[in-house]
Amino acid sequence: MHSSSLPLSTPSLPADVMRVQAQASWQQVDFISDLHLDALEPETFQAWAQFMTNTQAHALFILGDLFEVWVGDDTQDPFALRCLALLKETAQRLPIYFLCGNRDFLLGAQALQVSGMQALSDPTILSLGALRVLLSHGDSLCLADQEYLAFRAQVRQPAWQAQFLAQPLAQRQATGQSMRAQSEARKRTHTDYADVDSVAACQWLKATQCQVLLHGHTHRPAVHDLGEGLQRWVLSDWHASDIAPRLQVLSWLREQAGNPNRGLVRRPLHSATPPN
Ligand SMILES: [Mn+2]
């Protein structure tokens, strides 16, 4: 819901924003988000599994909504366990960093340990050579969607999460399914999704001395020039079974760091099962 009467304020940054420094040996860094992995979308899982096995990256950053839903680390869902096993296998070859989204914000310490992923805060500053990138899922910057931001503020409270996670697994799964159904219904009736607020994006970039904000969430892949050399790069979501499959990785290539693209390159992947 857009409510223009309310002032839109930039979410405050912690005094000490998390930082990650790319190792000098990293020649390629991959970024993905919004895969919305789900047992009901086996083609997308297959494409992801192929990507995880074959990527030549020296580090992988997952910027949220890897999973369509995550109801707790005690999950017994075979599909979720298969995903964790694949993450672990890949994490033995390269470091995997995970920043949660609005679907998988309940992914916790246990799943991180099992999968070998390192947790990031939202946002996190990533130094890639001379380039400073601010990593975020992006949902907290969609300021026009006040209804969602109120929901987010509620479910990100440790007390709310502890209460939710104390429910029996079956009950949490039922809640997850009904939230998924609500979201599908909303997708059918709403076409005017809020986008990341440009003013807020600029404020975050300036406060953290970053040049590029890199995020997902909106499913609107683009590069937005924000002026003063600042840019907002938006990752694509993944959907293998669409007529035009969306399977896209954003890579930072050290050898291209001096180019106008600052080393950032979009790389469409080929679907595991070709269309037709
Ligand atoms: Mn999202």
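Biologist: Which residues are exposed on the other side of α1?
Modeller: This is a predicted model, in which local features need pLDDT of at least 70, side-chain atom pairs count only at pLDDT 80 or more, and totals for chains, interfaces and linings use all residues. Residues are numbered from 1 along each chain as its sequence is written. Helices (H or I, at least four residues) and strands (E, at least two) are DSSP runs numbered from the N terminus; a residue is buried with 20 or more other C-beta atoms, placed from the backbone, within 10 Å of its own, exposed with 12 or fewer, and partly exposed in between. On the other side of α1, the exposed residues are T53 and N54.

Biologist: Within what arc do the buried residues of α1 fall?
Modeller: The buried residues are T44, F45, A47, W48, F51 and M52. Taking directions from the helix axis to the C-beta atoms, they line one face of α1, because their arc is within 165°.

Biologist: Against which elements do the buried residues of α1 pack?
Modeller: Contact requires C-beta atoms, placed from the backbone, within 7 Å. By this criterion, the packing partners are α2 (78-91) and β11 (248-253).

Notes. Contact = placed C-beta atoms within 7 Å.
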